[in-house]
2 protein chains.
Amino acid sequence: MSVQTASPPRVLHPLVERLRGIVGNEGVIGREDELLVYECDGYVVEKKTPDVVVFPETTEQVVAIVQACNELDVPFVPRGAGTSLAGGTLPVGGGVMICLTRMRKILEVSLRDRYAVVEPGLVNVHLTNHLKGSGYHYAPDPSSQGACTIGGNVATNSGGPHTLKYGVTVNHVLGVEAVMPDGSVVQFGGPCEDSPGYDLTGLFVGSEGTFGVCTKVWVRLTRDPAAYRTMLGIFETVKAATEAISAIIGAGIIPAALEMMDQGIVGALEQAFHFGFPLDAGAVLLIEVDGLEVAVDQEAERIVALCQQHGAREVRMANTPSERALLWKCRKQAFGAIGRLSPSYCTQDGVVPRTRLPEILDFINATSEKYGLRIVNVFHAGDGNIHPILLFDERHAEQVKAVIAAGDEILEKCIALGGSVTGEHGIGVEKISLMNHLFTEETLAVMGDVRKAFNPDGRCAPHKMLPTAGGCGMEHIERNHPGRRAAM
Amino acid sequence: MSVQTASPPRVLHPLVERLRGIVGNEGVIGREDELLVYECDGYVVEKKTPDVVVFPETTEQVVAIVQACNELDVPFVPRGAGTSLAGGTLPVGGGVMICLTRMRKILEVSLRDRYAVVEPGLVNVHLTNHLKGSGYHYAPDPSSQGACTIGGNVATNSGGPHTLKYGVTVNHVLGVEAVMPDGSVVQFGGPCEDSPGYDLTGLFVGSEGTFGVCTKVWVRLTRDPAAYRTMLGIFETVKAATEAISAIIGAGIIPAALEMMDQGIVGALEQAFHFGFPLDAGAVLLIEVDGLEVAVDQEAERIVALCQQHGAREVRMANTPSERALLWKCRKQAFGAIGRLSPSYCTQDGVVPRTRLPEILDFINATSEKYGLRIVNVFHAGDGNIHPILLFDERHAEQVKAVIAAGDEILEKCIALGGSVTGEHGIGVEKISLMNHLFTEETLAVMGDVRKAFNPDGRCAPHKMLPTAGGCGMEHIERNHPGRRAAM
């Protein structure tokens, strides 16, 4: 879990000069104070500054950058907006960070064939904003959608509140263009629904940058539903809310979203947005159904009845589009609101079978007491995907340690309950050590072989996703890339 | 496209003895007359008899068989029911056919967590039959579902009439256990929805046996819809039917199924089932919507109106479950009915953007005339997935040649129209030569590298999916497996 943060020498002339030749002076950041911005992503627990950050604007520039890294034997890591919550963009071993935020064009929109072609640095919500009024939208909506990029969503196979009905990113990606770690350009999939051969599109999605640098994405567009009903169910306890969830799903209803927020998070949201959330409720469910007007009315009625049968104190219905928008704003900005509770926080990401939610929540409470850490919860309840948020102050080393230990215990418990260690944030650097608990040696060996097929020299996004020999990965990088220091 | 069919010497003593030791005498077929059954699958155009067929009943037996093949350097190919329409189970290069039809147990059904665990040899429809009355079913329903196995569905990522709404096999497979080509046993995925790491489950599905032998499958169960409406739209021309399809999809309706049958197939069906199909209609659409009672009524009304607006002569509604069942029986047994038209037939499988359906159908008609072959059409119109059925007599070599040439021309046209060469049947041996038209050298190289990661010696399902040097593959096999003759 520890990553060395001592910086290698910053004598980068040959490489930096080469990169400037490719993208121009304004496309390269090499000054130590400017590089600090890139020392971590949304996972603030571990830090490592890249040696240089480069901002390509075309696929050809990405090819040239990757070729330069290969010739000079320097590792490289792609990055979008840096909203990864698992250290997915941490430049372990230093090297070149390829920041794709200047490749943000919408290249094509085909409503007739229901796809769009976008560059990887496009911010998720910008695509949906662009489509407003067309009757279509891009379905995956991570909570960070106002900042995160579609390329980053591809890397981590992001989910979001609407995953329950609409699926995760891989269900909405028809194809990718990527620069392979050897500098060749490939296209997997494309605008047509059915692509023969191995499903390399599906494999690339969720590979966390270890298979190459994505430079173009064909995404599926989803028709806007004719109608929504958005409800807020207020429960005395988390257990009662969980039972209501099981009853809703058990009744054969698949809500478009089914989100739970506990007392801690509701308090923070209320302070921030003054929505009128009850501060004394144990849990609040945000439930949305969508579809035909007649169908959503019927489903909403059944949901209200099921919530009441399972002890809901009250079920409120959003009566206007602006009430609905405010409810979603609360949910999506929950993470921002946490700023009011604590200087730093770590959002964990685990999965349990939906029916084990009460058990894992009891365990989280016990872990909170054990480590003296405040933990609040907001999560995709319908999927059994939990997001305990561990509050701490990163200036205190012992609190950082406690956060790591508590997070690990919660994830181990998820495994023990038949779940897994990430629902949507990915493995990154944060969870590498847990992969051994989840997979047998044989399965990890196959994963390693597949990675080697794409990334034989290990220069692309090193020490991500799979455990490597030698512990923290830095030694591994140093060992495998003796040329790096020389080139710099 | 040609595959040598000359048999290698059948002196198989060391291998056959070893296999008998593993599965017992009754689990091995080595007699020439008995092997004839396995000389082809649903793709009758090319033939090749395996040297021996073995029927394991456990994963451990599969491991022992694979180990024996490796030690004796003999290629092996997994097979389910042999319903592949692309020669997916053709034992190019001979060797051992591992037939999984005796591994057909349903190992677990969890309605609460909505999955089942089955052995690969389980016949697709047996799972849904087993679930009858539970409120759940297994959604992928290939036309061959009464015969094909779930393991075979995994290998080819099978679709079916309900793909339009419910997706293909990969959308319903949560995990697989497989014996790797080196004899190790791995599990990808499992009962839990979210599995971290590379999506090897998704990659394995559709790999046509080239990544190992599937021995267990975790499948998702789908809730039975509350209600159906099943309609038959009768049109004067294929073009009018196609325009109605575009209008339905364009209106934002996603039918559970949207199937088109042309005049030729309707005639054969009517002869077989006496449903009352009009023999003079140019095309018939089978349209089904499912969901809540109130919603299906509204959707069905809109569909009827849209069909009428686009020139439907008549739209019939199935008024009883038995009328619905008969309609589906007609559709699913369309292939059986073709027996009345011709001694042999080859079902092609191509994809075009939905809006190009009229063009490809015109082209198919022209090709039919050019080669003097009768071609009838039944297909998943909603997906743009065409299935022209080329009628011929396999006893006439020149007809076989014409079928291959006409099929290739139709598929090339699909590519030219922005589509692809298979929607659901897979590449098998049939379409290997077309892969070069669809993919760049760079992309094929990545596919080859990935195959090598799983199957470094190429012994598992050789000459499937990817083009190999040396044309027909036989030489390749012979060259790479010099030990094979020696062992036999």
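A residue is called buried when its relative accessible area is under 20%. By that cut-off, helix 16 of chain A has the buried residues A:T443, A:L444, A:V446, A:M447, A:G448, A:V450, A:R451, A:A453 and A:F454. The model is predicted. Chain A averages a pLDDT of 88. Chain B is laid on chain A by a turn of 180°.

**Confidence**

- In chain A, 93% of the residues score a pLDDT of at least 70.
- Residues 1–11 of chain A have a pLDDT below 50. This stretch still has 31 contacts in the model beyond near neighbours in sequence.
- Residues 469–488 of chain A also stay under 50. For them the model has 48 contacts beyond four places in sequence.
- Where pLDDT is low, the predicted coordinates should not be read in detail.

**Relation of the two chains**

- Chain B superposes on chain A with an RMSD of 0.0 Å.

**Helix 16 of chain A**

- Helix 16 covers residues 441–454 of chain A. Its 14 residues, at 1.5 Å a residue, should span 20 Å.
- Cover for the buried residues comes from both chains. In chain A, it includes strand 9, helix 7 (200–204) and helix 15 (435–438). In chain B, it includes strand 9 (185–189), helix 7 (200–204) and helix 16 (441–454).
- A:T443 sits in helix 16 of chain A. At 2% relative accessibility, A:T443 counts as buried.
- Beyond its neighbours within four places in sequence, A:T443 is in contact with B:V186, B:Q187 and B:F188.

**The sheet in chain A**

- An open sheet of 5 strands has the order 5-6-10-8-9. The pairing is antiparallel.
- Strand 5 (106–110) and strand 9 (185–189) are the edge strands, each pairing on one side only.
- From one strand to the next, the twist averages 10°.
- Strand 10 (residues 213–220) is mostly covered, with 6 of its 8 residues buried.
- Strand 6 (residues 115–118) runs antiparallel to strand 10 and is joined to strand 10 by 4 bridges. A:A116 has A:V219 in strand 10 as its bridge partner.
- Strand 8 is also antiparallel to strand 10, with 6 bridges between them. Here A:V176 has A:V217 in strand 10 as its bridge partner.
- Strand 8 (residues 173–179) pairs with strand 9 in the antiparallel sense over 5 bridges. A:G175 stands opposite A:G189 in strand 9.

**Positive phi in loops of chain A**

- A:D73 is found in the loop between helix 3 (59–71) and strand 3 (76–79). Its phi is near 55°, a positive value in a residue other than glycine. A:D73 counts as buried because its relative accessibility is 16%, and the cut-off is 20%.
- A:A461 is found in the loop between helix 16 and helix 17 (474–480). Its phi is near 50°, again a positive value in a residue other than glycine. With a relative accessible area of 1%, A:A461 is buried.

How values were computed: Residues are numbered from 1 along each chain as its sequence is written. Chains are lettered from A and ligands numbered from 1 in the order in which they are written. This is a predicted model: local features need pLDDT of at least 70, side-chain atom pairs count only at pLDDT 80 or more; totals for chains, interfaces and linings use all residues. Side-chain values use heavy atoms; hydrogens and water are left out. Two strands pair if DSSP finds at least two bridges between them. Helices (H or I, at least four residues) and strands (E, at least two) are DSSP runs, numbered from the N terminus. Axes are lines fitted to C-alpha atoms, for helices over the stretch in contact, and angles run from 0 to 180 degrees between N-to-C directions. pLDDT is the predictor's confidence in each residue, from 0 to 100. Contact means heavy atoms within 4.5 Å. Copies are superposed by least squares on the C-alpha atoms of residues with pLDDT of at least 70 in both. The expected span of a helix is 1.5 Å times one less than its number of residues. Buried means under 20% relative accessible area, exposed over 50%, partly exposed in between (1.4 Å probe, protein chains only).
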